[in-house]
Amino acid sequence: MKQPTPPLCFLVITSLAFAFVAARWTPRGLDAEIEALQELDRVIGLPGQPDCSAKFRHYSGYVTIDEHLGKALFYWFFEATENPAEKPLLLWLNGGPGCSSIGFGEGQELGPFLVRKDVPELINLSRIHCFAAANLIFLDAPAGVGFSYSNTSVEIDRPGDNSTPFGSYAFLVKWFQRFPQYRENEFYIAGESYSGHYVPQLANVIFDENKKAIQENYINFKGFMVGGWTIMYEGLTFVTVRGAGHQVPTIAPKQALQVAKHFLTNEPLPSVPY
């Protein structure tokens, strides 16, 4: 039996609905509004930028973490040079306290671009293996560090380890809302210097918040890394105390005393602190 022809109004509504869906989704599988927000942060070019930038996308901008206080953190995100959708996501934090992850971590250490004094161009560092192995986020945190800011002076005058990890966590939640295609990627945190505090404290906040987070705020957190090692040269031993930043005697007095005692008695340092 021949089916009756649908009314004209139904055909028009169906066509409009299809056109709406087609307009809302892009070939990358993202909502058009999300795609537009990402495009606002995409870095098209920089003065002195080398040709290697054609091999990857990078984004930079602000994420507001507290509208009432006017707090916003600045980030610079680099997609991996190969298969970024399949690579883990690594958040890098410099220490200090007060050291910019953009100015030092990206510009001097492991970012794809190196900035040098009196050299009017960026130097290509994309050969670094970590840049090919992971997507990298460099974050200036807390507010007041680097390009990150707060419109309330008390937030600048009274930063602290109790508030910094929660600000960084708020950044991550909102950043994943802006870049939802990376929500299921394995997520890691790494840092150096005073980030021996920042990194494990942020890891602890993520671990606790994941227990009660709704699905869209859940972070696929897999682990963290902090710098700390002993390097021996001829006549010189360079020691890094994990989690102590630049004030070892104040923050880690036991380890500082141990270093001093072994130095004064000319004994080699033990592999573990007492």
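The model is predicted, and local features are given where pLDDT is at least 70, side-chain atom pairs count only at pLDDT 80 or more, and totals for chains, interfaces and linings use all residues. Residues are numbered from 1 along each chain as its sequence is written, and side-chain values use heavy atoms, with hydrogens and water left out.

## Nonpolar cores

A nonpolar core is here a set of buried Ala, Val, Leu, Ile, Met, Phe, Trp, Tyr and Cys residues joined through side-chain atoms within 4.5 Å. Buried means under 20% relative accessible area, exposed over 50%, and partly exposed in between (1.4 Å probe, protein chains only). In soluble globular proteins, nonpolar side chains tend to be buried together.

The largest nonpolar core has 31 residues, of which Tyr75, Phe77, Leu91, Phe171, Trp175, Phe187 and Ile189 touch the most other members. Two or more residues of this core come from each of β1, β2, β3, β6, α6 (164-178), β8 and α7. Helices (H or I, at least four residues) and strands (E, at least two) are DSSP runs, numbered from the N terminus. Another core lies apart from the largest one and has 14 residues, among them Phe56, Leu90, Trp92 and Phe113.

## Aromatic pairs

Rings of Phe, Tyr and Trp (its six-membered ring) pair if their centres lie within 6.5 Å; planes under 30 degrees apart count as stacked, over 60 as edge-to-face and the rest as tilted. By this rule there are 23 aromatic pairs. In the pair of Tyr62 and Phe74, the ring centres are 5.1 Å apart and the planes stand at 65 degrees, so the pair is edge-to-face. Tyr62 belongs to strand β1 and Phe74 to strand β2, so this pair ties together parts that are 12 residues apart in sequence. Phe74 is buried at 12% relative accessible area, whereas Tyr62 is partly exposed at 34%.

Phe187 and Phe221 form a tilted pair, 6.3 Å centre to centre with 50 degrees between the planes. Phe187 is in strand β8 (residues 187-191) and Phe221 in strand β9 (residues 221-226), so the pair ties together parts that are 34 residues apart in sequence. Phe187 is buried, with a relative accessible area of 0%; Phe221 is partly exposed, at 21%. Both rings belong to a cluster that ring pairs build from Tyr59, Tyr75, Phe77, Phe171, Trp175, Phe176, Phe179, Tyr182, Phe187 and Phe221.

Tyr62, in strand β1 (residues 58-66), also takes part in a nonpolar surface patch with Phe147 and Tyr149, with about 300 Å² of accessible area together. Patches are made of residues with over 30% relative accessible area and no salt bridge, where like charges are joined within 9 Å and nonpolar side chains (Val, Leu, Ile, Met, Phe, Trp, Tyr) within 5 Å. Accessible areas come from the Shrake-Rupley method with a 1.4 Å probe; for residues, only the protein chains shown count as cover.

Helix α7 (residues 195-210) has 16 residues and spans 22 Å from its first C-alpha to its last, close to the 22 Å expected at 1.5 Å a residue. The expected span is 1.5 Å times one less than the number of residues. Buried residues in α7 include Ser195, Gly196, His197, Tyr198 and Val199.

A salt bridge is a side-chain nitrogen of Lys or Arg within 4 Å of a carboxyl oxygen of Asp or Glu. The structure holds 4 salt bridges, including those in the table.

| Salt bridge | Closest N to O |
|---|---|
| Glu39 and Arg42 | 3.0 Å |
| Asp208 and Lys211 | 4.0 Å |

Glu39 is partly exposed at 36% relative accessibility, and Arg42 is partly exposed at 26%. Asp208 is partly exposed at 34%, whereas Lys211 is exposed at 62%. Lys212 is exposed at 63%.

## Backbone features

A cis peptide bond joins Gly96 and Pro97, with omega about -5 degrees; Pro97 sits in the loop between β3 (89-93) and α3 (101-110). Ala141 and Pro142 are also joined by a cis peptide bond, with omega about 0 degrees, and Pro142 is in the loop between β6 (135-140) and β7 (149-150). Asn83 is not a glycine but has a positive phi of about 45 degrees; Asn83 lies in the loop between β2 (71-78) and β3.
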